[in-house]
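Here are a few notes from my look through this one. Have the viewer open as you read.

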Amino acid sequence: MRQGIVFQLNGEETVYEGSATDRLLDVLREEYRLTGVKCGCKEGECGSCSVLIDDKLVNSCMVAMGRVQGSSVVTIEGFSKTERFKVLDAAYASVSAVQCGYCIPGMILASNCILSKNPTPTEADIREGISGNLCRCTGYNAIVKAIQIAAKEGEGLW
Amino acid sequence: MKQISKSVIKKDHGVKARGSAVYVGDFAQQDMLHGKLVRSPYAHAKILGIKIPELPEGYFTVGYRDVPGINEVHIVKDDTPVFAETVVEYIGDPVLMVVGPDEQETERLAGEIVVEYEELPAILDVRDADTVFFDYSFGSGDVDKAFAEADKIYEEEFETGYQEQAYLETQGMIADFNDGKLTIHGSMQCPYYVHGALVKAMGLTPDRVRVLQDVTGGGFGGKEAYPSILACQTAVAAAKAGGKPVRVVFGRREDMEFTSKRHPSLCRYKFAVKDGKVSAMDADAIFNAGGYTTLSAVVLQRGLISAPGVYSIENLRIHGTAVKTNTVPNGAYRGFGAPQTFFATEMMMDHIAKDLGEEPLDFKKRHLAKQGDATSTGGKYHFPVPIPAMIDEVEKMSDFAQKRKEYAKPQPGRFKKGIGIGLWFHGAGFTGNGERDIIKAVARLHKYADGRVEILVSQSDIGQGIKTTLSKIVANELNLPLEKVICNNPDTDRVPDSGPTVASRSLMTVGELLRRASIRLRSEWKEGEEQTVEEHFKEPDFVIPFDIEKFEGDAYPTYAWAVCAVEVQVDSLTGTNEILGAWASFDVGTPMDMNIVVGQMEGGLLQGLGYASMEQMAANAKGRIRNNSFSDYLIPTAMDVPVMQVHMHVEEYPDGPYGAKGAGELPLVGAPCAYMSAMEQALGKKIYHIPFSAEDALLRADEKEDI
Amino acid sequence: MVNGFVPTSLEEALKIRAANDVIPYAGGTDLMIGERREGAYLFLNRVPELKIVKREGDVLRLGAGCTFSELIEHPETPALLKEALQRIAAPAIRNEATIGGNIANGSAKADSALIFFVADAKLKLASTAGERVIPIKAFYLGRKKLDLRPNELITEILLPTKWLTPYYYQKVGARKALAISRLSFAGLMHIENGVIEHCATAFGAVSAVVLRRDDIDAMLVGKTVEQAKQIRGEYLAAYRQAIDPIKGRVSSEYRKMVCMNLLEDFLEANGI
C-alpha cells in the first residue's frame, strides 16, 4: 500500500511523502525545483502560480498537497514541451507580449484553458479567461492579441 | 516606419515564456540562509533596548552594530539607516534581521525578538508636518502684478494619493561574502546605485563589491532606490554568515506595506485670468516624503518643473516642499512627481474653462507652448511641440467632439457618459545637470574574435525590453544579425557605469552612446581580433545648462508628448464607472521597436487609469498602510481594460538614437487627467482628488454643486 | 498520508471527521490563505455524494462540494445562481472553490450565499450522529458564527427554484474581476394577473450576516401592483430602518445609499 500522495506531475507518476497540508506551490518550487511556477502573492489573487490540475487552471498557492492525490498536475515546464505551447510561444513572441515575464507562465496556461474551452473565443471570453492573471507591465492588449493569434494558428490543436 | 522600428522577437522572450528565466527567488537552496527583517510597530519611537532570545544553532541576528562601514544607505542624502539605531521613523522601519537555515523558523524567531520602544509623537498628515526636508522655489515674470490686474482669480486645492508599484515579482536580494569579496544579486533597476551603497555601508573598496542584476519582474521605480537598502541589510547578514549566502525575498504583504511608493501630494493652485487667458500661475505643492528623504528631492524637483504643464504661462511662481511624516518613505514611481502636478494643472484648466463657459479643450489650445517658447525654468522647447497635431489625431480616433457635445446634453437614464481629454509631457532623461555632472555615463562595446559583439552597460531590463532595443541599435550600425549581439544582465565586475535605469534615459542616452560606439567600432573593425570601444556622455551643444540652485536652464534636453481621451460611463445607482475607451497619441520620437514601445504605452496608460480610480492605499490611524495585499490594493485586471488604442506620433529627436527619446514614463503621467475630465462631464461635478472612487462619485454627485 | 485524509464516500468522510481532529478542505480557496492551520486536513474533493446536482420537483439538490465552475457549466443551474457565481473572483478560483466552502466561510460577502438566502434555501448537514435540514437563514448566527455542530459537514444545499426567474441581481465591486463584494443585492418578484405572488430580497456585504427580511417583503405579497404602489413608501422606510451597514473599505453611508437605490430600482423594474 503506497504511502504518500500519488499524483501525476508533468506526465510522470510521482509520490510526495511530505505533509498533505503542504502548499502545492511550495512543493513544486522547492521539492521538485519547478521554479517556472512563480509566487506573486500567496493568496490566490494574482495567478502567477497558475498550474493545470486535471486540465483546469488552478492557483497552486491555494492548493494543499492532499488535494492532488489521484490528479494530474502540469506546470509551465511540462506544458512547454507540447505542440500547443509552440503555437502560444510563437504568438506571444510575435506581438512582444512578454515584458518582465513574471506573469507569463500563468498567462500561457490560462491561454491554453481559454482555447480548450473554446477554440474560437471572443475577446470577452479571452479577457475573462485571463481575468485572474494580473499583469502590471503590458496593459493586457498584447496578451489578448497573442491568444487571438494562437486561436487562428493553432487550428486543430484545441 | 523606419526600418529600426520594425518589431523583432525580444531577446529574452524564450526563457521567460518557458518559465526558465531565473529570478532571485528561483536560485537553488544549497546552504542558503534566509533573512527576515524585524520592523518597528510604531510610527515614531525611541529604541530603548533589544532582547534576543536564545537562538538555535545556525541562527543569528544582525543590527546596526554589525554594519562594518557606515550605518547609512547612500541614496541622495544618506539619512536612511541600514538598521535603525536609536529612533524609528515609521511603522516598518527595520531594526534587526534574523538569519538562519529554515525560512519558517527564521520567521518564527523574528516574532520572538523583543524590542523595547518608547513611543514618540508621530506626524501622519502632511498638514501637521513640522520638518521640511526640501524646499524649492522658482518663477518668472511678475506674478503679483498679474494678480493685481486679473479679471478673475481662481484658487483650488488638489490631492493625490499613494500609488503602489505592484510589480508582480516582489523585492529580493542574495548576498554572499567570501574571500573578502561581497557578491550581491537580486531584483533591481540600478546595479551601480546598489554598488555605491554597499561600498559605503560595508566599508569595502569598490573592487571588493560585485553587484549583478537578476532577471527582474517589474520595477516601475520601486526598484530604483529601495534595493540599495535591502542590499545593505542582506550584505551585513552575509558578512556574519561564515561564507554562506543569505537571501531575503519579501512576501507580498511585507512588500506592499514597507517599500517605497508614489508620494501623496497636496497642490494649492492660484491662477490669474485676464482677457480669457491664464496670465499667472502661483503653485504650492506639498509632497509627503515619509520618514526619510530617499529620493524626495528629485521627485519634488521634477514635479515642480512640470507644474505649468504643456502651457506657456508668462508669470510663474512655483513653490514646493517635501515634508517629513512618520510613514513609509516614498520614492520613485513612473512619472516621478509629474503625475501629481499634471493632475492639478489639467483639472485646474478644466475648471477655469468651464467657469468661463468655454470647452476645456478649446481653452487649453489657446495656451499651448510652441517650439522656441521658454520652459518653466527659462530653458527652451528646442524641438517641435506636436500637441496640436496629436489633438487632431486623438479627436479623430475617439470621435471626441461629437461625444463631448452628446454627453453635454441632459442624460436622464441610469447611466451617464462623459468624455475628457488630457495633454501632457514628460521631460526626457535625468533632471537638470545630473546626467552631465553626476552620472557621467560610460558605455562600452566588446568585440570577440569571432565577430560577436557584447554590450557592456549597466542598464537593467525590467520588462521594458532595453536588452532588445539596445541590441537592435548595435546590430543595425554594425550590420550584424541580432543573435550576434550579446546583452547580458549587468554585472558591475564587467560593465562600466552607464547610469541607472530611471528617468526614461536608458534608450535615449545610453542607446545613443552605444550607437556612437558602434559607429566607431565599425570604422576601427579588425577582423579576427578582440576590440573594445568606449563612449562617454557629452551633453548636447544646444542644451542651456541647468542651475539646480536657481532652477534655471534646460531641465531636460527634450520632451516626450502625449494627448489622451478617455470615455466613461457612470452608473448613477452605484457610483461605479466603466471606462468605455482610452485613445492616445504619444510622441517618444522614433520607436526603437514598435511592439515594445506600444507595449510600454499601453502598460503605462493602464497604470495611470488605475492610479486615478481603483488603486486606493491609505494608512490607518496609527500610520500603518492598510492595503497590503492584492485583494485590498486593486490593480486593473484584463476585464477592466477599456478599448485602448495607441498611436505613435513621431517627432525625431536629433540627439537620440535614430531620433528616439525617453518613453517609459510618459504614458502614465497624464492618464488620470483625461479620465477625471471625463468623469466631470458624466457627473456634472468638479473633481479635486485621485483616487476617485465609486463612493466619491455617488456621494459627490449628491452634493449640490453644479458645473 | 501525513496530515491528511482523502475519503471516497460521505460515510467515510463523516467517520473520519468524528474520529479525528480534522479541518474540512473543500476547495481550499479560503483555508489556504494565511498561515497553515495546525492539524490534518480532510479533503472532500473525492466524495461523490458532495458533487450531486439533482432536481426533485421544484427543489434542486446541490452537493456542497460542487465547484463554482461545475455549477456554471451545469445545465440545471438556475440563471441567477450562474450569474452570481460567474462574478466571483476569477477562473482559477472558480475551478476549485465550492458552494459549501463559500457558505462555511461564514462571511456576509459570500456571493453564492446571497442567492441561497434570497431563494430561502435549506442546508443539509450530516454527521455520524445523523442528518438535519435547516433554513440557511438559521445556519448563520452572526459574523463568521455558524450553527455547525461538532463533526458536522454541510452536505447539500436544497435550492427552491420556483421563483428564481425573473430576477434582479447586482454585485458592486471595485473592479470587474477578482472583486470582493462591497455590496450585493438580489431581488425576486413574481406578478401573476396583476397580483404579487412572491417577493424576496437579500442584501450581501452590508451586515454581519446576509440581510434577508422576509417579514418586510411579505408586506407586498398578495397585494396588487396598485396596492403595492400605495405602500411603496412604507416598504422602503422599513428597509431604510433595517439596513444598518457596517463600515469597511467603503462607508456605511455609501452602502446604505446604494442598497436603497438598487431596491428602488428593483421596485420600478416591476412597475411599482
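Predicted model: local features only at pLDDT ≥ 70, side-chain atom pairs only at ≥ 80, totals over all residues.

1. Start with strand E17 of chain B, residues 442-447. Five of its six residues are buried, so the strand is largely enclosed by the rest of the structure. Buried here means under 20% relative accessible area.

2. What does E17(B) pair with? One partner is strand E20 of chain B, residues 531-536: the two run antiparallel and are joined by six bridges. If you want a spot to check on screen, go to B:His446, whose bridge partner in E20(B) is B:Thr532.

3. E17(B) also pairs with strand E18 of chain B (residues 453-456), again in the antiparallel sense, through four bridges. Here B:Lys447 sits opposite B:Val453 of E18(B). The two strands make a hairpin with five residues between them. Have a look at B:Gly451 in that turn, where phi is positive at about 95 degrees.

4. Now over to chain A, for helices H3 (residues 83-94) and H4 (residues 104-117). Their axes come within 11 Å and cross at roughly 115 degrees, and the crossing is right-handed.

5. Which residues make the contact between H3(A) and H4(A)? From H3(A) come A:Arg84, A:Phe85, A:Leu88 and A:Tyr92. They meet a set in H4(A) that includes A:Ile104, A:Met107, A:Ile108 and A:Leu115, along with A:Ser111, A:Asn112 and A:Ser116. By type, the contact residues split into seven nonpolar, three polar and one charged.

Conventions
Residues numbered from 1 in each chain as written. Chains lettered and ligands numbered in written order. Heavy atoms only, no water. Buried < 20%, exposed > 50% of the residue type's maximum accessible area, 1.4 Å probe, protein only. Pairing = 2+ DSSP bridges. Axes fitted to C-alpha atoms, helices over the stretch in contact; angles between N-to-C directions. Left-handed = near helix turned anticlockwise from the far one by under 90°. Contact = heavy atoms within 4.5 Å. Nonpolar A, V, L, I, M, F, W, Y, C, P; charged D, E, K, R; others polar.
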